[in-house]
Amino acid sequence: MPTVSNDLDTCLRLLRDSGTVLWTRAELLQHYNDAYRQLLAQSHGVRQFTVLPMPPRHAYTLCYPWERRYLQGGTGRQWLFTPQNGGKQCTYLWEIEQAAGFESTNQYTAVTHGWELAYASGAVDQDYRFALPKNHERIKGIWFDHKYLTPLNTREMDTLETAWNRSQGEPWFTIPGMGDTRSVEVYQIRAEYTADYALLNAAFYGLPRTLSGARDWNATTSQQENGFAYTTQGESLHIQWRSHRVLSGFGLRITSDPTPNPGGQYQSIHVWERERHEGATSLSDSTTIGTYWWEADYGATNTREYSTGILREITSPDRQYLPVNTWEAPFGLIRDFRSSVQNLLLHEAIVPDVPTLAEEDTPAMIPAPLQKYLRYYVLYCAFNRQGEGYRPDLAGHWLKRWERGPQLLRKLGDCTWADTTHQRQPAGKSRHMVWDAPLPAEYGRVRV
Amino acid sequence: MTRQEIRDRILIALNDSPTVPIYFATSEINAVIQEAQEIVAEEVRAWKRTVYVPKREGWQVYNLLAIEPNCMAPFRIWDHTTNRRLQVTSMHQIDLDRQRWLTVTGSQPDWWYPVSWGQFGVYPATASGEGVLRVDCLVWPTALLDDADEPESPEPDHDDLVLYGVYMSLMQQFEVMRATERFVRFTDRWTDSRYRNELQRIQARYHQRRGRRDAYRE
């Protein structure tokens, strides 16, 4: 797949401005990013599954609208109530009455984060609103616990003349809501807090090392045996030095360190050795200590299969662990685990998120052959710019070429379009009279 | 025609030397030829491939690019185990018929549905993961490897590539009228290419003898 820089070179060649006299690369790059965004937005052909945990979670709670400026790319929710003059924000509805000089009436509990609903028993006056990801374009479907939520209109629910927006239970419908863009509301309210996957030992950064929980997890790897065994850390470092490397593969340490172990000079193979060094008065029986993985068949308890490298795949006969692209750096590692059980599953069309493409990037969200349409849009914008280089005829032609791109990606977004179902046409009602069998010419005519 | 022959024709049409081109670099013309192939593939939809995918236990969603890197769209998915063609449906349609279908695993999939341009799903997912799916798909052509390589399309379609190459080169010269004329001729050939690459669909008709005017009514 050519990079953005390759595409810009091609555009400059077609503009006959390889020296960037009339059009700078920065200008063309801006048009390129606009084309990328428009191609996905107009076609909504790039779709993915996203899990939204319940209750709704936002990175920030806002008091005033101007605080959105400082969200730093996160999601925010203004849970407070805005009174008539807009100068203040109220936590409870009774404050609005009081501010207006009226006698205040008792109202429901106020919350500032969604998880607090579990402690408010769900009885709140605020809408059950979920923030959508920043690269969200449109919703294709929402499911709660894999059950489809019907999209409804607020007016339809208002005809019930009930407090439907405070009703608790299993969610069954969704409305656009009165929230910001990139938000959706789901009812009925579910106040129970659902934690699917939690990152433990967050102080240890890097790769997830183990998975544990209510399900059984088994790690498998193609590399199952260790290449050698060692007893001290010094041996491990010596073996790793490239100039002295005499052994390859994974190493298994068969000793453990007592506590304390000043200078790290003592290592014990059996547990009773460590206990003796630590001054224990009664010693434990040891177990069989092995040096290679196959010795497990002979009773060795310390040899094990290695789970090496990074997590590549999770399989189960009961469900699919679907990898979902984040479409932004850093790439390669798993950053987030989410479960659709008892949560919202969103099927959404997406657009490119910030940061925008740089010259060394590739537009990975679209098929590689569609990259040419991005070039056509750049050429259209370049020739359509007022001033030197303005060529409306060329701009018009490249615009027509570009318009094919969103049409094509829209079609490709429904990847089943090529599998058409043929049906015989229905017979329909005959417009003609029924043919009568002709009688011989000599047959006597009968007049009725 | 080989890539070199196509390139030579383009350069000759532009009055440039095919052996030592001055106004256009060889790599530029090669890139234009590849672009022409892609456009013809998108409009004519003649390039097809068959790929076999092992069914994975518990999987509903399959990644198209992992199956075939140049895949444009599958047009037929056949279960090789049951000798059954999977029927096309949509997630919305399955939602109308079944609740919580995303959690259902069965013996063999019966339907397939679109997820995104690069993903499709099968329903129900198999619990055992045995057997393979045959995926017939429309693809973009692979890039021509060298000057002796030939496009996969039939010989008459190679002239389309020459037309497009001339068109792009004229656009580079800002010769809009002449380039547009070439482009119109390029697009006019698509219909011919489509018919050349697939059988005309036979439309079912209901045949009936024409009625005869009843003699009694005269």
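This report covers chain A in outline, then a helix pair and a sheet in chain B, all from a predicted model.

## Chain A in outline

Chain A has 448 residues, and 36% of them count as buried. Its secondary structure comprises eight helices and 12 strands. Among contacts in chain A with a separation of 6 or more, 61% link residues 24 or more positions apart.

## A helix pair in chain B

In chain B, helix 2 spans residues 26-44 and helix 5 spans residues 155-172. The two pack with their axes 9 Å apart, at an angle of about 125°. Helix 2 of chain B is therefore oblique to helix 5 of chain B. Their crossing is right-handed.

Helix 2 of chain B brings B:Glu28, B:Ile29, B:Val32, B:Ile33, B:Glu35, B:Ala36, B:Gln37, B:Ile39 and B:Val40 to the contact. Helix 5 of chain B answers with B:Asp160, B:Leu161, B:Tyr164, B:Gly165, B:Met168, B:Ser169 and B:Gln172. By class, the contact residues are nine nonpolar, four polar and three charged.

## A mixed sheet in chain B

Four strands of chain B form an open sheet, ordered 2-8-7-5. The pairing is mixed. Strand 2 (61-63) and strand 5 (87-88) of chain B are the edge strands, each pairing on one side only.

Strands of a sheet pair through backbone hydrogen bonds, in parallel or antiparallel fashion. Strand 7 (residues 111-116) and strand 8 (residues 119-123) of chain B run antiparallel, joined by five bridges. Opposite B:Trp111 stands B:Tyr123 of strand 8 of chain B.

Conventions
Residues numbered from 1 in each chain as written. Chains lettered and ligands numbered in written order. Predicted model: local features only at pLDDT ≥ 70, side-chain atom pairs only at ≥ 80, totals over all residues. Heavy atoms only, no water. Axes fitted to C-alpha atoms, helices over the stretch in contact; angles between N-to-C directions. Parallel < 35°, antiparallel > 145°, perpendicular 65-115°, else oblique. Left-handed = near helix turned anticlockwise from the far one by under 90°. Contact = heavy atoms within 4.5 Å. Nonpolar A, V, L, I, M, F, W, Y, C, P; charged D, E, K, R; others polar. Pairing = 2+ DSSP bridges. Buried < 20%, exposed > 50% of the residue type's maximum accessible area, 1.4 Å probe, protein only.
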